[in-house]
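Please read the points below beside the sequence and the model. They are meant for someone who is seeing this structure for the first time.

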Amino acid sequence: MPKLSHLRSGDSWEFPRAGLLFDCDGVLVDSVAAAAPAWDSWARRYAPSFDFLRDAPHGMRPSEVVAALVGPQIAGEATAELIALEVEAAVHTREISGAARLVSSLPRDLWAVVTSSNRAVALARLRSSEVPLPPALVAAEDVPRGKPEPDPYLLGASLLARTAEDCIVFEDSVPGIRSARAAGAGFVVGVGAGSADGDPDAVVADLGSVRWREGVLVVDAPGSSG
């Protein structure tokens, strides 16, 4: 059951004035067409056997993936090159349906983005997709431990001057959902069918199923438990 005060009406959940924490890639933006060529170009130099679409772990910080592939001695150099390639390729990022409409309707003090991407990459992808930039952003370099540890969502909640228990998290990856759970998030919405593997409180296809209405967040999630 959700920890947040809510109303349940049929397939809809209603939450008055909760804090809202959004993952970026897979929730607000579709970055696969941007990330795949950047990673594959990087891999030709640093990890020839790595294929992004086949091997990339979702929801983890790039620096951690890079270190596991190339070792600690050159991880800093290799990560910096990857970030540069990802920023360059960000022009291929697109909005996920409903994202721009939803965040444009939200009060500025109620929402933030919590991403495993580096800050420069996340901002470049949001700009390319024309999703409004968040009033607060937690990026890979802002926390000592990334998802699935609780640090990113604890920091995100604090930037909204709230506890995690007073926030709704929107996530598409299992590590991201585990991070939200570890932080004690009040409600976790999985975005996309793959998010169901993390056992969120509700699952939506995209943010087209979520709306802000007169101070209340409404989540239409048919078949979700709770």
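1. The lining of the largest cavity divides into 5 nonpolar, 3 polar and 2 charged residues, where Ala, Val, Leu, Ile, Met, Phe, Trp, Tyr, Cys and Pro count as nonpolar, Asp, Glu, Lys and Arg as charged, and the others, Gly among them, as polar. The residues in question are R61, T115, S116, V138, A139, A140, V143, G146, K147 and P152, and the volume they line is about 30 Å³. A search of the whole structure finds 1 cavity of 30 Å³ or more. On a 1 Å grid over the protein atoms alone, a cavity is a set of points where a 1.4 Å probe fits but cannot get out, while a pocket is an open set with protein on both sides within 12 Å along at least five of seven lines, and lining residues have an atom within 4 Å of a point. Grid points are joined across faces, edges and corners, and a volume is the space filled by probe spheres set on the points.

2. The model is predicted, so that local features need pLDDT of at least 70 and side-chain atom pairs count only at pLDDT 80 or more, whereas totals for chains, interfaces and linings use all residues. Residues are numbered from 1 along each chain as its sequence is written, and side-chain values use heavy atoms, with hydrogens and water left out.

3. The largest pocket holds about 580 Å³ of space. Its lining is made up of 30 residues, and those nearest the centre of the pocket are D25, S31, F52, H58 and G59. At least two lining residues come from each of β4 (29-30), α1 (32-46), α2 (52-55) and α3 (62-70), and α2 gives the largest share, with 4 residues. By kind, the lining of this pocket has 13 nonpolar, 8 polar and 9 charged residues. Helices (H or I, at least four residues) and strands (E, at least two) are DSSP runs, numbered from the N terminus.

4. An open sheet is formed by 4 strands in the order β1-β2-β12-β11, with antiparallel pairing; two strands pair if DSSP finds at least two bridges between them. Its edge strands, each pairing on one side only, are β1 (7-9) and β11 (210-213), and the twist from one strand to the next averages 20 degrees. Axes here are lines fitted to C-alpha atoms, for helices over the stretch in contact, and angles run from 0 to 180 degrees between N-to-C directions.

5. Within this sheet, β2 (residues 12-16) and β12 (residues 216-220) run antiparallel and are joined by 5 bridges, including those that set W13 against V219 and E14 against V218. On the other pairing, β11 and β12 are antiparallel over 4 bridges, and R213 stands opposite V216 in β12. These two strands form a hairpin with 2 residues between them, and E214 in the turn has a positive phi of about 50 degrees. Of the 5 residues of β12, 4 are buried, where buried means under 20% relative accessible area, exposed over 50%, and partly exposed in between (1.4 Å probe, protein chains only).

6. How many disulfides does the rule give? The count comes to 0, a disulfide being a pair of cysteine sulfur atoms within 2.5 Å. The sulfur of C24 is too far for a bond, because the closest cysteine sulfur, in C167, is 18 Å away. C24 counts as buried at 0% relative accessibility, and C167 is buried too, with a relative accessible area of 1%.

7. Some backbone details deserve a check. Most residues other than glycine have a negative phi, and most peptide bonds are trans. R17, in the loop between β2 and β3 (19-22), has a positive phi near 55 degrees and is partly exposed, with a relative accessible area of 42%. D199, in the loop between β9 (187-191) and β10 (202-204), has a positive phi of about 60 degrees and is exposed, with a relative accessible area of 56%. A cis peptide bond, with omega about 15 degrees, joins K147 and P148, and P148 belongs to the loop between β7 (137-138) and α7 (151-159).
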